[in-house]
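Please look over the sequence and the structure shown below before reading on. The briefing that follows goes through the arrangement one topic at a time.

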Amino acid sequence: MNSLLHFLWFAVFATYCYIEALVRCFIPVKRKSVAGETVLITGAASGIGRVTAFEFAKQGSRLVLWDINKCGIQETAEDCRKLGVEAYPYVVDCSLKEDIYSAAEKVKKEVGDVTILVNNAGVAVTGELLSIPDKQIQKIYDINILAHYWTVKAFLPAMMKNNHGHIVSVVSVAGFVSVPFLLPYCSSKFAALGLHKGLTKELAALGKDGIKTTCLCPFFVSTGLIENPQSRIFPILKPEAVAKRLLDGILCDQKKIVMPYPVAMFSFVEIILPERALTALEKFLRVVFDVKKHE
């Protein structure tokens with residue numbers, strides 16, 4: 001009887017939540033200000049990281065920019081300064097834990113506490129699993145997921161002390177939809193999505209409601225990370241559009257952003273479709289890209 005009452009209470013509460021969510025669709029969401037916030041972006045020399053830095057600069061944020069590409073990161077910093085904000089470039093190899101921790105200490109001393117962390121740096125290798133060298137698989141995991149742990153461990157303590165901050169994970173649609181010949185990348189993004197979900201729940205359990213989290217899951221983006229991506233249905237995204245959507249989600253404290261949105265339904269489709277129908281759907285979508293041959 002007690003269990004039945006709990007179930008009925010949950011059913012009523014869930015119905016209320018659905019109605020509340022529906023009403024909110026018609027009410028403009030209040031956007032927070034990130035002016036003066038110290039924003040650290042990894043992989044900021046090019047692609048999504050570079051244009052995201054520009055979007056934050058337009059909002060008046062202070063920028064800490066990390067990348068292994070010295071010339072690229074300095075160029076991004078200079079372009080951000082032209083928009084009237086402070087920008088601090090650091091050459092950091094995000095595949096090395098020691099490099100991340102060392103750079104983090106420099107940032108704390110030279111700039112101050114980071115209040116918004118954007119884990120954007122990522123690498124990918126295409127090819128058959130058995131042909132991909134072990135060192136490349138290791139590097140994919142070092143950058144795409146382990147670096148997220150090290151940056152979070154470096155900058156989260158200050159956020160928790162002040163109960164203020166925002167942690168952003170640039171993941172991928174590959175974080176919940178696997179693609180042949182991109183296995184190490186997909187599995188690393190599955191892990192990054194899992195970290196985002198787990199960290200979000202852990203912060204809530206600790207009562208740190210002032211620390212927000214956002215996860216970005218875009219379809220293929222024309223950054224050169226994957227060569228010549230194509231799909232019969234979904235468009236290849238532009239970095240500028242992705243960065244604008246990401247910033248909008250951050251300002252609204254949105255937990256998860258999927259681009260384009262219909263792709264978010266794929267996880268549900270995997271559950272309801274029979275295996276043969278799912279295979280037929282994947283063939284219809286025709287997601288392809290250039291696959292590298294490894295010696």
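In this predicted model, asparagine 119 stands opposite serine 169, a residue of strand β5. The two strands concerned are β4, residues 116-119, and β5, residues 165-170, which run parallel and are joined by four bridges. Strands of a sheet pair through backbone hydrogen bonds, and such pairing is either parallel or antiparallel.

**Strand β4 and its partners**

- Isoleucine 116 has histidine 166 of β5 standing opposite it, and isoleucine 116 of β4 is also the bridge partner of valine 39.
- Between β1 and β4 there are three bridges, and these two strands run parallel.

**Helices α2 and α3**

- The axes of α2 and helix α3, residues 70-81, come within 10 Å and cross at roughly 20°; because angles under 35 degrees count as roughly parallel, α2 is roughly parallel to α3.
- The crossing in which α2 passes α3 is right-handed.
- On the α2 side the contact is made by Arg50, Ala53, Phe54 and Ala57, while α3 contributes Gly72, Glu75, Thr76, Asp79 and Cys80.
- Sorted by class, this contact of α2 with α3 has four nonpolar, two polar and three charged residues.

**Helices α5 and α6**

- Helix α5 (residues 134-162) and helix α6 (residues 183-205) have axes that come within 8 Å and cross at roughly 15°, and they are therefore roughly parallel to each other.
- The crossing of α5 and α6 is right-handed.
- Among the residues that make the contact are Ile137, Ile140, Tyr141 and Asn144 of α5, together with Pro184, Tyr185, Ser187 and Ser188 of α6.
- By class, the contact of α5 with α6 has 14 nonpolar, four polar and one charged residues.

**Two buried residues**

- Alanine 53 has its place in helix α2, and with a relative accessible area of 0% alanine 53 is buried, because buried means under 20% relative accessible area.
- Leaving out residues up to four places away in sequence, alanine 53 touches Ile41, Leu63, Leu65, Thr76 and Cys80.
- From C-alpha to C-alpha, alanine 53 and threonine 200 are 24 Å apart in space, and they are 147 residues apart in sequence.
- Threonine 214 lies in strand β6, residues 211-218, and is likewise buried, with a relative accessible area of 0%.

**Backbone details in loops and after a helix**

- The peptide bond that leads from methionine 259 to proline 260 is cis, with omega near -15°, and proline 260 has its place in the loop between β7 and α8 (266-272).
- Aspartate 253, which is found in the loop between α7 (239-251) and β7, has a phi near 55°, a positive value in a residue other than glycine.
- With 27% relative accessibility, aspartate 253 counts as partly exposed.
- Arginine 286, in the segment after α9 (275-285), has a positive phi of about 50° although it is not a glycine.
- Arginine 286 is partly exposed, and its relative accessible area is 39%.

Technical notes:
Residues are numbered from 1 along each chain as its sequence is written. This is a predicted model: local features need pLDDT of at least 70, side-chain atom pairs count only at pLDDT 80 or more; totals for chains, interfaces and linings use all residues. Side-chain values use heavy atoms; hydrogens and water are left out. Two strands pair if DSSP finds at least two bridges between them. Axes are lines fitted to C-alpha atoms, for helices over the stretch in contact, and angles run from 0 to 180 degrees between N-to-C directions. Angles under 35 degrees count as roughly parallel, over 145 as roughly antiparallel, 65 to 115 as roughly perpendicular and the rest as oblique. A crossing is left-handed if the near helix is turned anticlockwise from the far one by less than a right angle, and right-handed if clockwise. Contact means heavy atoms within 4.5 Å. Ala, Val, Leu, Ile, Met, Phe, Trp, Tyr, Cys and Pro count as nonpolar, Asp, Glu, Lys and Arg as charged, and the others, Gly among them, as polar. Buried means under 20% relative accessible area, exposed over 50%, partly exposed in between (1.4 Å probe, protein chains only).
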